[in-house]
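Open the model in your viewer and keep the sequence panel beside it. The stops below can be selected one after another.

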Amino acid sequence: MNTPLSRNLIAALTAAAALATLTSCSDSAADSSAKTTGGQRTTVAGVVITKDDGLHAALPDTIKQSGTVRVATDLPYAPFEMFVAEGKPELTGLDYDLGQALGAKLGVKFAFSPQKFDGIVPAIQAGKFDAAMSAMTDNKERQAVVDFVDYSVSGSGIMVVKGNPEKITTLDDLCGKKVAVQAATNQLDLLKEHQAKCKAAGSEIDIQTFPKDSDAQLALRSGKVGAQVQTKPAAGWTAKTADAGNAFQVVDDPAAAGGYGASPNGIAVSKKLPQLTDAIHKALQTLIDDGTAAKIFDKYGVASIAVKEATKNAAVN
């Protein structure tokens with residue numbers, strides 16, 4: 001999902017919305033970001049999480065001694081990583097909350113620090129960070145230098161106005177309709193690829209390109225188009241936050257739950273710390289099994305991209 005280009009596109013669209021709507025979307029004012037206590041009882045997305053002694057014992061000695069996992073992240077990139085308020089250092093977002101939940105379960109602190117996206121993997125290799133949580137796509141190239149614990153699968157999604165008056169349920173339903181999309185994106189490529197199928201059926205997509213995703217959103221809001229195609233996480237967050245959730249909704253195609261062209265996103269971990277990779281993997285599965293992970297994903301409007309089973313290095317290309 002995440003090339004530097006796609007990150008910049010979503011950041012430009014969602015940063016302002018995230019700051020304006022974050023408080024209302026939190027479980028409470030106290031839970032607008034996860035409470036971190038360095039391994040003590042922690043509340044994330046309304047769930048109280050406590051340390052698992054067995055998982056803590058499985059951590060590398062260096063992590064147990066420091067009590068901290070140093071985590072790199074590129075901010076802002078809603079809904080994965082955001083600032084609670086403009087000009088303030090406190091963080092929130094899907095990755096941040098999930099990191100705090102993992103830390104609480106492992107009995108250590110997941111300490112997030114900003115790092116430009118293209119510098120994250122080199123910084124892990126250099127030993128500056130132990131791991132990264134930044135909506136990073138798990139792929140074979142990155143697997144050569146870091147290991148991944150995969151926690152979501154995401155691709156492109158369709159957003160429509162609330163109530164879905166055009167009754168759009170799949171990509172095929174875009175044939176014959178006006179569809180907004182940002183120029184020079186994977187989502188535009190997706191529509192162009194699907195155009196051949198529409199032409200064969202005798203009804204082409206009227207693709208409307210815009211320089212910014214926010215312009216495409218405005219076209220949808222004003223009724224100039226019947227749908228907008230963007231990354232599914234961005235669509236989910238926008239649908240949850242715009243006009244308090246009353247402006248848009250996401251089309252959930254059962255055949256593409258995580259989105260079209262979906263790929264795994266993972267927690268990148270230093271190859272020098274295989275015990276940490278294993279411990280995070282087991283802790284994540286525990287959070288999936290007890291429902292905590294689902295509540296975190298739902299909090300940010302992206303329940304459909306959550307995995308049901310934690311995997312390691314799941315990318316196939």
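In which loop is proline 79 found? Select proline 79: it sits in the loop between S3 and S4. Helices and strands here are DSSP runs (H or I of at least four residues for helices, E of at least two for strands), numbered from the N terminus.

Before going on, note that this is a predicted model, in which local features need pLDDT of at least 70 and side-chain atom pairs count only at pLDDT 80 or more, while totals for chains, interfaces and linings use all residues. Residues are numbered from 1 along each chain as its sequence is written, and side-chain values use heavy atoms, with hydrogens and water left out.

**The loop between S3 and S4**

Show the backbone at proline 79: the peptide bond that reaches it from alanine 78 is cis, with omega near 5 degrees. Now step back to proline 76, which lies in the loop between strand S3 (68-73) and strand S4 (82-83). Leucine 75 and proline 76 are joined by a cis peptide bond, with omega about -15 degrees.

**Aromatic pairs**

Next, display the aromatic side chains; the structure holds three aromatic pairs. Rings of Phe, Tyr and Trp (its six-membered ring) pair if their centres lie within 6.5 Å; planes under 30 degrees apart count as stacked, over 60 as edge-to-face and the rest as tilted. Select tyrosine 77 and phenylalanine 80, a stacked pair with 6.0 Å centre to centre and 20 degrees between the planes. Tyrosine 77 and phenylalanine 80 are both buried, where buried means under 20% relative accessible area, exposed over 50% and partly exposed in between (1.4 Å probe, protein chains only).

Move to tyrosine 96 and phenylalanine 112. Their ring centres are 5.1 Å apart and their planes are at 65 degrees, so this pair is edge-to-face. The pair links distant parts of the chain, 16 residues apart: tyrosine 96 is in helix H4 (residues 94-106) and phenylalanine 112 in strand S6 (residues 109-114). Tyrosine 96 is buried at 13% relative accessible area, and phenylalanine 112 counts as buried at 14%.

**H4 against H11**

To see the contact (heavy atoms within 4.5 Å), select Leu94, Asp97, Leu98 and Ala101 of H4 with Ile296, Phe297 and Lys299 of H11.

**The disulfide**

Select cysteine 175 and cysteine 198, which form a disulfide with sulfur atoms 1.9 Å apart. The rule is a pair of cysteine sulfur atoms within 2.5 Å, and by it the count comes to one disulfide. The link is left-handed, with -70 degrees about the S-S bond. Cysteine 175 is in the loop between S8 and S9, and cysteine 198 is in helix H7 (residues 186-200), 23 residues apart. Both cysteine 175 and cysteine 198 are buried.

**Two asparagines with positive phi**

Select asparagine 164, in the loop between strand S8 (146-161) and strand S9 (178-182). Asparagine 164 has phi near 50 degrees, a positive value in a residue other than glycine, and is buried at 10% relative accessible area.

Finish at asparagine 313, in the segment after strand S14 (306-312). Asparagine 313 has a positive phi of about 50 degrees although it is not a glycine, and is partly exposed at 26% relative accessible area.
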